[in-house]
There are 2 protein chains.
Amino acid sequence: MAFARNLTLSALTGIPPVQPGEDLVGHILHALEGERLADGDALVLAQKIVSKVENRYVDLRTVEPSPRARELAHQVDKDPRLVEVILSESSAVVRAQAGVLIVAHRLGLVLANAGIDHSNVEQDGKSERVLLWPQDPDASAARIRQEILTRTGVSVAVVINDSVGRPFRNGAVGVAIGAAGINSLLDLRGTPDLFGRRLEVTEVAHADELASAASILMGQAAEGLPVVLARGFLAIDSARPASVLTREPSRDLFR
Amino acid sequence: MAFARNLTLSALTGIPPVQPGEDLVGHILHALEGERLADGDALVLAQKIVSKVENRYVDLRTVEPSPRARELAHQVDKDPRLVEVILSESSAVVRAQAGVLIVAHRLGLVLANAGIDHSNVEQDGKSERVLLWPQDPDASAARIRQEILTRTGVSVAVVINDSVGRPFRNGAVGVAIGAAGINSLLDLRGTPDLFGRRLEVTEVAHADELASAASILMGQAAEGLPVVLARGFLAIDSARPASVLTREPSRDLFR
């Protein structure tokens with residue numbers, strides 16, 4: 001046998017644009033058609049589709065920017081109302097300069113605009129909408145996983161991903177902002193290497209690696225492929241949510 | 001049809017431990033057995049197997065540490081000879097404290113110990129060997145790709161990956177340190193979103209996402225699975241090496 005391990009990723013067709021409150025799990029199960037889910041499969045969902053069904057829209061016309069948001073907006077040359085919303089989702093401003101507002105998201109990730117953007121958000125002509133991350137993406141993933149279990153009897157992992165920029169490297173990559181039913185962070189301490197010694201890499205961000213893999217198929221543009229089925233060699237024996245991937249600033253030796 | 005796009009990753013069995021100068025492409029083609037490579041397939045190779053055939057070993061017994069390496073070694077509590085080798089592969093020291101030496105690698109990546117470690121490096125009893133990254137991983141990838149083309153007539157992409165830590169997030173992820181025959185960094189500027197507007201994510205680190213995906217199958221420990229075949233939705237219409245993934249410090253807004 002030529003192959004020891006396999007991982008197959010497939011982007012589902014037929015997921016329609018979703019509205020707040022819609023039955024996302026129903027859409028996914030319908031889109032799967034004859035393809036049966038199996039225990040241990042993972043579904044990777046783009047952040048935006050989860051945020052949309054959870055109605056994480058904010059209409060900028062309803063936002064009154066604070067003096068701080070106005071000042072920062074001037075500095076970064078953005079809409080003060082958008083800056084107000086970004087600040088409401090953030091615990092700290094990391095970098096502010098013309099065109100750039102990088103913050104520490106309240107969930108711990110450091111990224112531009114607190115993950116809020118206008119792209120792939122349909123405007124309804126009556127409002128100026130932006131879309132926020134889910135309130136608690138780990139809880140969203142757990143809910144979706146439970147809903148699939150209830151309806152189908154199958155235990156799948158669920159990962160919610162988004163594409164984010166990062167220090168040192170050009171280009172965005174997919175990261176896991178929420179996860180359930182999968183071990184987001186593998187602890188390899190004590191695992192021997194090929195020659196019986198201690199490994200020097202001790203933790204692996206498994207959910208981030210899966211999020212990046214799925215991101216290859218989702219694309220960023222008009223493709224509209226927000227759901228990827230991953231099947232194969234995944235760490236599902238124990239589960240740890242995506243929140244464990246956030247590094248405490250005091251332990252961040254790269255900063 | 002339920003699936004719009006697919007990507008299948010498979011770790012090859014039967015790649016033996018390699019020695020300097022060995023025929024890595026021969027090992028890969030042999031390990032593939034009856035599985036025929038096809039144009040557009042990608043092979044992801046662990047950095048260590050490439051470094052080993054390129055004889056990027058350094059025997060620490062031959063290293064005379066400089067005064068600077070001795071001083072730094074004391075500060076970080078590491079072998080002064082190892083620190084000397086790390087410095088020889090680095091352009092700057094980013095962080096030095098007990099047990100930790102994070103540097104800017106001469107190739108541009110910022111990482112611990114310049115990517116040098118002892119794990120999965122067999123000691124031959126006569127030396128104290130450490131293993132460095134390939135001298136020029138993009139060139140290594142291009143050479144391997146050309147060798148496969150010459151022997152089989154098939155045009156594959158080749159990516160060389162390693163697992164590295166990163167700011168803000170716990171756990172290592174696979175990144176591309178070398179690439180050939182694949183577009184390492186997708187430029188989406190001008191691409192419209194679902195609703196006809198400009199995208200806000202403009203560059204995607206495609207080779208890093210593939211490197212992370214392959215890393216899931218390789219593992220970090222005694223599994224010995226250094227070669228992954230990736231087949232499916234990959235960006236091979238134009239090629240850009242992994243070096244384009246290195247962000248100029250002056251353009252790094254996250255620092």
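Predicted model: local features only at pLDDT ≥ 70, side-chain atom pairs only at ≥ 80, totals over all residues.
Local features are given only where pLDDT is at least 70 and side-chain atom pairs only at pLDDT 80 or more, whereas totals for chains, interfaces and linings use all residues. Residues are numbered from 1 along each chain as its sequence is written, and chains are lettered from A and ligands numbered from 1 in the order in which they are written.

**View 1. The side of chain B that touches chain A.** In this view, 75 residues of chain B are in contact with 75 residues of chain A, contact meaning that the C-beta atoms of two residues, placed from the backbone, lie within 7 Å. Strand 1 (3-12) of chain B supplies the largest share of this side, ten residues, and among the other elements that each supply at least two residues are strand 9 (173-180) and helix 6 (206-218) of chain B; helices (H or I, at least four residues) and strands (E, at least two) are DSSP runs numbered from the N terminus.

**View 2. The relation between the two copies.**

View 3. Strand 1 of chain A and strand 1 of chain B run antiparallel and are joined by nine bridges, with A:Ser10 standing opposite B:Asn6; strands count as paired if DSSP finds at least two bridges between them. Within chain B, strand 1 is also joined to strand 12 (residues 227-232) by five bridges in an antiparallel arrangement, in which B:Leu7 has B:Gly232 as its bridge partner.

**View 4. The buried face of helix 1 in chain A.** The buried residues of helix 1 (residues 24-31) are A:Leu24, A:Val25 and A:Ile28, a residue being buried if 20 or more other C-beta atoms, placed from the backbone, lie within 10 Å of its own. Seen down the helix axis, these residues fall within an arc of 100°, so they line one face of the helix, the arc being that of the directions from the axis to the C-beta atoms. Their cover includes strand 1, helix 2 (47-53) and helix 5 (137-152) of chain A.

Technical notes. Buried ≥ 20, exposed ≤ 12 C-beta atoms within 10 Å, placed from the backbone.
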